[in-house]
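Subject: Handing over a structure, with notes on what is in it

Dear colleague,

I am passing this structure on to you, and I would be glad if you looked through it before reading my notes. The notes follow below it.

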Amino acid sequence: MDLDPEGIFRDDSDSESELYEEKEPTKELAVYLIDASPKMFAPITALENGNKETYFHVAIDCIAQSLKSQIIGRSYDEVALCFFNTKEKKNLQDVNGVYVFNVMERELIDRPSAKLIKEFSSIEDKFMSTIGSRYGVLPGSRENSLYNALWVAQALLRKGSVKTSSKRILIFTNDDDPFGSMTGALKADMIRTTTQRAKDAQDLGISFELLRLSRPDEEFNVSMFYADMIGLEGTDISQFLPSASEKLEDMKDQLRKRIFKKRKVRTLIFSIANGISIQVNTYALIRPTLPGAIMWLDSVTNLPLQTERSFICADTGALIQEPSKLFHPYKNQMVQFSKDQILEVKKVSNSHLRLLGFKPLDCLKDYHNLRPSTFIFPTDEEIIGSTCIFIALYRSMLRLKRFAFAFYGKSSNPRLVALVAQDEIISSSGQVEPPGMHMIYLPYSDDVRHVEELHGTGDAIAPRATDDQIKKASALMRRIDLKDFSVCQFANPALQRHYGILQALALDEDEMPDIKDETLPDEEGLARPGVVRVLEEFKIAVYGENHDQEEADSLSMRGSRSEASRKRKEMAETAERESSRYNWADLAESGQLKDLTVIELKYYLTAHNLPVTGKKEALISRILTHLGK
């Protein structure tokens, strides 16, 4: 049996990126409820380009884009697509006005597939002929399509456990009063039963999100019905409402952003002082996007292959059924360890935060942030009062301009971290930055390297910029500074092209989506007179007034040198080609070299990189010497 003395204390997570070692194996189940009433098919006229889009088209387009992104980012999340206020019905409960959209060979709630996205994206063209639209609540009728849709969605989300997956219902509608055609006790009863159905779903761990599609000149009144249904209270209602002048394109972007829910990475115990601990959740706000992992497929069935590992005895060749034993040699003995003992030895801490003290924000430098930070936010799930203590600590850090210095112990690679409080930022369209703290992972001493010490020589004096050069450089940077810069403004063009090709192949698209490289320089912006002026001043301050002429002369010299080398290359190719037409060994044996011309003799010399100077006798002698005659 093969034992493992070398890797007994090897950390299994060392080969994986530190950026993802905190991620928990959770998935999300989501049901998209799309309103299909005639109001959703009304044209939106507030478009600058004159085109008329419907609210239904906006909802379909946003969901399709979300599903494409989900396949790339969270392919194991499962979704269901459901229309309500429809003429046709298709659901397991056999209730009216609800149509669950799906494709062949797929469960009603399952991972999104290329076939699902392709057919759902084109459903608008045949929706009226195959499914149809109608008002869900008619005067004098007790039919309630929204109630039925919530019932169907709740039934779809019975799949999976609340402990291992998060469940959401996303409602797309432009009607803020779905029971507006009713009055009196019947309307009150409709509102009561529908709201109660939503609260029953929330009690089962299902969250709701409303994606309202309102006209630019007409505000969506969420207080009329949906605030009670989805549980909005107080300031949440005012933050939910966007600006009435918001354009449609901004509305689309907002819908796409709100579809992605921030999921917690881990729950930690934050020890503040002796006997005082609070509970916080951690979130990964920004992470670099990487191409998906390679998946091996069967060449015949095209199904994913599952890798299995077996251990074979080196002595007998038999398959080992028992797990391999771990040992470490000590004083001529083999000390065996169990897996539980190895995990206990490797355990450094209990993966919790422990406050060490506070420091001024000036002590925290930009180069200390070596990897993406983690956002922490309090929770009262297990420790009541965590939010109150966290808010008091958070406000004090903002007021005194301090950051918390803490120890973050994990099963491997414990670190010192800096907790930086972030103030809340609110705009007309809602919350831009949430209140909380960023956990910045501080570097070890050998992570900080000084370039001057590593690459500088002992006696050499490093060149320093003059005051005028610094002034001109500062003016240039102020002129080309990007206002309100955010890393989210620029997409990785290589990744965009990679996923664009995969999308075109998966959806059988004839053309690849246009990929705009947002990292290219803004030529139009750099050509502005103010930018050109400060750029010329900077060049003169650093390189001198004659820099352009010197650069032009240098380019011309390089051009002439390249032209001369090109001619030499052509002459060498010609000489080699002409020289190959003669049998030089036979000519030398028969003494016929003297019958050749000087040009023909030089073909041989040039082809073999020999000197071509001298008279004809010298050339012949040089050829004979090279041939060994």
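Are arginine 168 and glutamate 209 buried or exposed? Both of these residues are buried, although please keep in mind throughout that the model is predicted.

Let me begin with the charged side chains. Side chains of opposite charge can pair when their charged atoms come close. In this structure there are 12 salt bridges, and one of them joins glutamate 28 to arginine 168, with their closest N and O atoms 3.0 Å apart. Because glutamate 28 belongs to strand β1 (residues 27-35) and arginine 168 to strand β6 (residues 165-173), this pair ties together parts of the chain that are 140 residues apart in sequence. Glutamate 28 counts as buried at 8% relative accessibility, and arginine 168 is buried as well, with a relative accessible area of 3%.

Arginine 168 also forms a salt bridge with glutamate 209, where the closest N and O atoms are 2.8 Å apart. Since glutamate 209 lies in strand β7 (residues 206-212) and arginine 168 in strand β6, the pair ties together parts that are 41 residues apart in sequence.

A further salt bridge brings together the side chains of lysine 187 and aspartate 177, at 3.6 Å from N to O. Lysine 187 is in helix α5 (residues 184-203), while aspartate 177 is in the loop between β6 and α5, so this pair ties together parts 10 residues apart in sequence. Lysine 187 is partly exposed, with a relative accessible area of 21%, whereas aspartate 177 counts as buried at 15%. Salt bridges that share partners join Glu28, Arg168 and Glu209 into one network.

Next come the aromatic rings, for which the structure holds 13 aromatic pairs. Among them, phenylalanine 41 and phenylalanine 56 are stacked, with 4.5 Å from centre to centre and 25° between the planes. Phenylalanine 41 sits in the loop between β1 and β2 (43-44) and phenylalanine 56 in helix α1 (residues 55-73), so the pair ties together parts 15 residues apart in sequence. Ring pairs link Phe41, Phe56, Phe83, Phe101, Phe120 and Phe127 into a cluster.

Charges are also found over rings: arginine 371 lies over the face of tyrosine 441, at 3.8 Å from the ring centre, and lysine 359 lies over the face of phenylalanine 405, at 5.3 Å from the ring centre.

Finally, an unreviewed UniProt entry lists residues 593-627 as "domain: SAP", and over these residues the chain is 63% helix and 0% strand.

Methods
Residues are numbered from 1 along each chain as its sequence is written. This is a predicted model: local features need pLDDT of at least 70, side-chain atom pairs count only at pLDDT 80 or more; totals for chains, interfaces and linings use all residues. Side-chain values use heavy atoms; hydrogens and water are left out. UniProt positions are given in the numbering used here, feature names are shortened, and annotations may be inferred rather than shown by experiment. Helices (H or I, at least four residues) and strands (E, at least two) are DSSP runs, numbered from the N terminus. A salt bridge is a side-chain nitrogen of Lys or Arg within 4 Å of a carboxyl oxygen of Asp or Glu. Buried means under 20% relative accessible area, exposed over 50%, partly exposed in between (1.4 Å probe, protein chains only). Rings of Phe, Tyr and Trp (its six-membered ring) pair if their centres lie within 6.5 Å; planes under 30 degrees apart count as stacked, over 60 as edge-to-face and the rest as tilted. A charge sits over a ring if NZ of Lys or CZ of Arg is within 6 Å of the ring centre and within 35 degrees of the ring normal.
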